[in-house]
Amino acid sequence: LYVPIGVDDVETQVGELAPGQSISATFAIFYGAGGWTFPAPGSYQLTGHYSHPSLGESRELRSEPVTLDVASGGPAGNLLTEDSKAGGEAGLFMLWEGGDHLRRGIAHLETLIERYPEQIQADYARLALGLSLSRGFRDYSIGKVRPPDYQRSRALLSRLGRAPLQPFSALQLHLALARISLALDDAQLAQASADRASGIVQERPAFADRLDLAVEVEPRLGPLLKR
């Protein structure tokens with residue numbers, strides 16, 4: 001059973017849908033309150049369950065099932081998802097796309113990149129580390145704010161691409177590259193990256209909220225993104 005680490009129902013206003021109207025959203029399920037969701041290869045069936053106080057005790061919304069086939073990740077996958085404190089922190093870091101206080105998790109991801117640089121797991125590790133460094137972060141464990149490190153972030157993100165990223169991850173990549181390019185005064189590259197991000201959202205409207213979040217982080221992205 002997958003259980004998310006956080007639920008935002010208490011912060012979300014209830015709205016009404018007209019007949020035939022729909023809404024959509026996206027969220028990561030590879031890591032949750034129980035740790036890594038798919039620790040072993042196999043065929044998994046996903047069914048979404050949603051209940052709300054307004055539905056009453058006996059009513060629950062349930063999605064149609066979706067079957068997901070999970071292949072073996074090999075040695076790189078075994079290292080990433082190992083049952084250890086470092087493996088757990090690495091999962092949290094990748095889920096949150098940051099968290100400087102997760103030091104064992106960061107070291108775990110760096111070890112993964114060093115040992116298996118050509119594997120797709122290393123690309124996702126670079127993506128998580130690069131996204132984190134493209135933004136400032138307040139580390140409450142030491143009471144300091146770490147400013148963005150655009151050069152290190154770009155160095156990590158520029159090494160992606162040997163294996164295809166999923167659309168959501170590709171969107172995060174292009175938004176980060178646009179933000180970095182703006183910070184480094186490369187307007188042409190910023191617009192090119194923003195165009196790629198906009199193209200992904202046009203094909204997958206459920207990702208639209210990520211554009212709003214990106215603009216909150218860097219307001220100068222607003223005029224570059226096509227809605």
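Is Phe38 buried or exposed, and what is its relative accessible area? Phe38 is buried, at 19%, where buried means under 20% relative accessible area, exposed over 50% and partly exposed in between (1.4 Å probe, protein chains only).

The close-ups below come from a predicted model, in which local features need pLDDT of at least 70, side-chain atom pairs count only at pLDDT 80 or more, and totals for chains, interfaces and linings use all residues. Residues are numbered from 1 along each chain as its sequence is written, and side-chain values use heavy atoms, with hydrogens and water left out.

**View 1. Aromatic pairs.** Four aromatic pairs are found in the structure. Rings of Phe, Tyr and Trp (its six-membered ring) pair if their centres lie within 6.5 Å; planes under 30 degrees apart count as stacked, over 60 as edge-to-face and the rest as tilted. Tyr31 and Trp36 are edge-to-face because their planes meet at 85 degrees, with ring centres 5.3 Å apart. Tyr31 is buried at 10% relative accessible area, and Trp36 is buried at 17%. Phe38 and Tyr44 also make an edge-to-face pair, with centres 4.8 Å apart and planes at 75 degrees. Tyr44 is partly exposed, with 22% relative accessibility. Look too for the cluster that ring pairs build from Phe30, Tyr31 and Trp36.

View 2. Ser134 sits in the loop that runs between helix H4 (120–133) and strand E7 (137–139); helices (H or I, at least four residues) and strands (E, at least two) are DSSP runs, numbered from the N terminus. Ser134 is buried, at 1% relative accessibility. Leaving aside residues up to four places away in sequence, Ser134 touches Pro148, Tyr150, Ser153, Ala176, Arg179 and Ile180 (contact means heavy atoms within 4.5 Å). Ala176 is 42 residues from Ser134 in sequence, yet their C-alpha atoms are 6.5 Å apart.

**View 3. Salt bridges.** The whole structure has six salt bridges, each a side-chain nitrogen of Lys or Arg within 4 Å of a carboxyl oxygen of Asp or Glu. One of them joins Arg104 to Glu89, with the closest N and O atoms 3.7 Å apart. This pair links distant parts of the chain, with Arg104 in helix H3 (residues 103–115) and Glu89 in helix H2 (residues 85–96). Arg104 is partly exposed at 49%, whereas Glu89 is buried at 9%.

View 4. Arg126 and Asp123 form a salt bridge, their closest N and O atoms being 3.0 Å apart. Both residues lie in helix H4, three residues apart, about one turn of the helix, and both are buried.
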